[in-house]
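Please read them alongside the sequence and the coordinates.

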Amino acid sequence: MTRDTTASADAVWAVASDWSRHGDYFPLTRMSVGDEPAGVGQHFTATSRLGPLAMPDPMVVTEWDPPRDGGPGSFAIRKLGKVLAGTVSFTVTPTSTGSQLTWVTDVRPAPASLAAVSRPVSRPISRALYAGVLKKIVAAAESQ
């Protein structure tokens, strides 16, 4: 999924890589961020809650390359949970009018046997969810 924005690559990076704010972008989600410095190996957990039901989604940063000298930046995350597995990657590239961000998600139920069965339902829901998340990230970056 790709979005163009008038915000600079640095501004988009600052918003997208601030795990503590992801609860502002993902519905029904609270973030818990580890004490490790930002970068590869940093752990955080997104816990989605609906009433009494809670789903912790622990993750670790596996790639970290902030934008430098007017170039692109990227990070990757691996999901470590019992419910969801997979990866998320993010790239922000400077453009003549701001920047372009690309968010690639390969997330599936942790029990691999459920992935094929759930895909027809989960794929359109995920697309709608991530479209909304990117819209909020862009809005936050543009307001800085």
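1. Ser74 is a residue of strand E5. The model is a predicted one, and the points below should be read with that in mind.

2. Is Ser74 buried, partly exposed or exposed? Its relative accessibility is 22%. Since buried means under 20% and exposed means over 50%, Ser74 is classed as partly exposed because its 22% falls in between.

3. With residues up to four places away in sequence set aside, Ser74 touches Trp13, Glu63, Trp64, Asp65, Phe90 and Thr91. Ser89 is 15 residues from Ser74 along the chain, and the C-alpha atoms of the two are 7.3 Å apart.

4. Helix H1 spans residues 9-16, and six of its eight residues are buried, so the helix is largely enclosed by the rest of the structure. The buried residues in H1 are Ala9, Ala11, Val12, Trp13, Val15 and Ala16.

5. Which residues does Val12 contact beyond its neighbours within four places in sequence? They are Thr5, Ala7, Phe90, Val92, Ser99, Leu101 and Ala141.

6. The largest nonpolar core has 28 residues, and those touching the most other members are Val12, Tyr25, Phe75, Ile77, Phe90, Trp103 and Ile137. Two or more residues of this core come from each of H1, strand E3 (43-50), strand E4 (53-65), strand E5 (73-80), strand E6 (84-95), strand E7 (98-109) and helix H3 (112-142). The most is given by H3, with seven residues.

Technical notes:
Residues are numbered from 1 along each chain as its sequence is written. This is a predicted model: local features need pLDDT of at least 70, side-chain atom pairs count only at pLDDT 80 or more; totals for chains, interfaces and linings use all residues. Side-chain values use heavy atoms; hydrogens and water are left out. Buried means under 20% relative accessible area, exposed over 50%, partly exposed in between (1.4 Å probe, protein chains only). Helices (H or I, at least four residues) and strands (E, at least two) are DSSP runs, numbered from the N terminus. A nonpolar core is a set of buried Ala, Val, Leu, Ile, Met, Phe, Trp, Tyr and Cys residues joined through side-chain atoms within 4.5 Å. Contact means heavy atoms within 4.5 Å.
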